[in-house]
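This briefing is arranged by topic and is meant to be read alongside the sequence and the structure.

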Amino acid sequence: SLLAAELPGADRRGELDLLYQPIVSVPDRRAVAAEALIRWRHPQLGTVLPDEFVPIAEEAGLIAAVGGWALHQACRRLAAWRAEGRDVRVAVNVSAAQLCQPDFVAEVAAVLDAHDVPADTLIVEVGEEDVVADVQKSVTALAGLRALGVRTALDDFGTGHTSLTYLRRLPVDILKADRALVAEPTAHGGPVAPLADVVVRLGERLGMTVVAEGVETEEQLAALVAAGCDAAQGYLFSRPVPAEHAEAFFDLYA
Ligand code: G
Ligand code: G
Ligand code: MN
Ligand code: NA
């Protein structure tokens, strides 16, 4: 395809970009992290979204290059924000092909070192469906990241095929409840959406922090707070925005 032919070198041509979406603790609504979301600014086609080009990158064997660019760029931004005294963490999305490369954990260690950022300020997100693709390799890589001090997150949770016994084995610190769960109607018009409520309790019982994705309304937020959710992300707080706009969400240390 045209995209597959043009993706090589998109990083060098300056066509890749990262937007950031704040993740806020609730109910206090304090921004605690920013998720980095990649965009390809194609000179003719305009903005190409990751759902379209990440699978192409994976098929063309380019995911290590694209993912490596995103990891570097996100850590550079994280280092700059922390140098300004901002109390922030950054979450990076990683696909299965990238996570399961034998040198991935070493690459993360090298990038953290190069930008001199504390490991516990980086969050690596991997999709539930990505983990299922190779559970053993994923567990090994996630455990390796954790051994570095990096935080790990299971993305899009509740829509894929992770069994509860697998979930128990996964070395993840954070459960990101997919926006489909958040959008579920509340029961009998009451305050609690049943599926989101169950995911919050599940995370609690497994000792994982729960982040609700795709929060768009105050009603959804209220239901999540009632359930005891730790953090939330979504258009209610902010769309994904350029770094210079995202930084305003983060407090400077006193
Ligand atoms: O930004 P948007 O909501 O359109 O993201 C859509 C999907 O693309 C999400 O599932 C997200 O995890 C994924 N994604 C965003 N940025 C990256 C990235 O840098 N690398 C990988 N592998 N996936 C990404
Ligand atoms: O799969 P992942 O969670 O990494 O991707 C996040 C995707 O969800 C991005 O494409 C982002 O643009 C999108 N997103 C973020 N917040 C909201 C929201 O409140 N509503 C909807 N519909 N999409 C959102
Ligand atoms: Mn994500
Ligand atoms: Na998600």
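A residue counts as buried if 20 or more other C-beta atoms lie within 10 Å of its own, and as exposed if 12 or fewer do so. The model described here is predicted. By the burial rule, D116 is exposed, because it has 10 other C-beta atoms within 10 Å, and buried residues make up 42% of the 254 residues in the protein chain.

**Overall fold**

- The protein chain contains twelve helices and nine strands, and its C-alpha atoms fill a box of roughly 50 × 40 × 40 Å when taken along the principal axes.
- A compact globule of 254 residues would have a radius of gyration near 18 Å, and the 18 Å found for the protein chain agrees with that expectation.
- Among the contacts in the protein chain with a separation of 6 or more, 66% are accounted for by residues 24 or more positions apart.

**Ligand surroundings**

- Ligand 1 has 13 residues around it, of which L37, I38, P50, N93 and S95 come nearest; the elements that give two or more residues to this shell are β2 (30–42), α2 (50–59), α3 (63–83) and β4 (89–94).
- The largest share of the shell around ligand 1, three residues, is contributed by α2, and the shell as a whole divides into eight nonpolar, three polar and two charged residues.
- Ligand 2 also has 13 residues around it, with G214, E216, G234, Y235 and P240 coming nearest, and its shell divides into four nonpolar, four polar and five charged residues.

**Helix α3**

- The 21 residues of α3 should span 30 Å at 1.5 Å a residue, and the end C-alpha atoms of the helix are 30 Å apart, in agreement with that figure.
- The buried residues of α3 are I63, V66, G67, A70, L71, A74, C75, R77, L78, W81 and R82; seen down the helix axis they fall within an arc of 160°, and therefore line one face of α3.
- An α-helix has 3.6 residues a turn, so residues three or four places apart point the same way.
- Just after α3, G85 adopts a positive phi of about 90°.

**Helix α7**

- Helix α7 comprises 14 residues, 135–148, and reaches 20 Å from its first C-alpha to its last, close to the 20 Å expected at 1.5 Å a residue.
- Within α7, S138, A141, L142 and L145 are buried; viewed down the axis of the helix, these buried residues fall within an arc of 100°, so they line one face, while Q136 and A147 are exposed on the other side of α7.
- The cover over the buried residues of α7 includes α4 (96–99), α5 (104–115), β5 (122–127), α6 (128–133) and β6 (151–157).
- G149, which follows α7, has a positive phi near 105°.

**Backbone details**

- V26 and P27 are joined by a cis peptide bond with an omega of about 10°, and P27 lies in the loop between β1 (16–25) and β2.
- D116, a residue other than glycine, has a positive phi near 55°, and D116 lies in the loop between α5 and β5.
- D156 likewise has a positive phi, of about 55°, although it is not a glycine; D156 is found in strand β6 and counts as buried, because it has 20 C-beta neighbours inside 10 Å.

Conventions
Residues numbered from 1 in each chain as written. Chains lettered and ligands numbered in written order. Predicted model: local features only at pLDDT ≥ 70, side-chain atom pairs only at ≥ 80, totals over all residues. Helix = DSSP H or I, 4+ residues; strand = E, 2+ residues; numbered from the N terminus. Rg over C-alpha atoms; globule rule 2.2 N^0.38 Å. Contact = placed C-beta atoms within 7 Å. Near = placed C-beta within 6 Å. Nonpolar A, V, L, I, M, F, W, Y, C, P; charged D, E, K, R; others polar. Expected span 1.5 Å × (residues − 1). Arc of directions from axis to C-beta.
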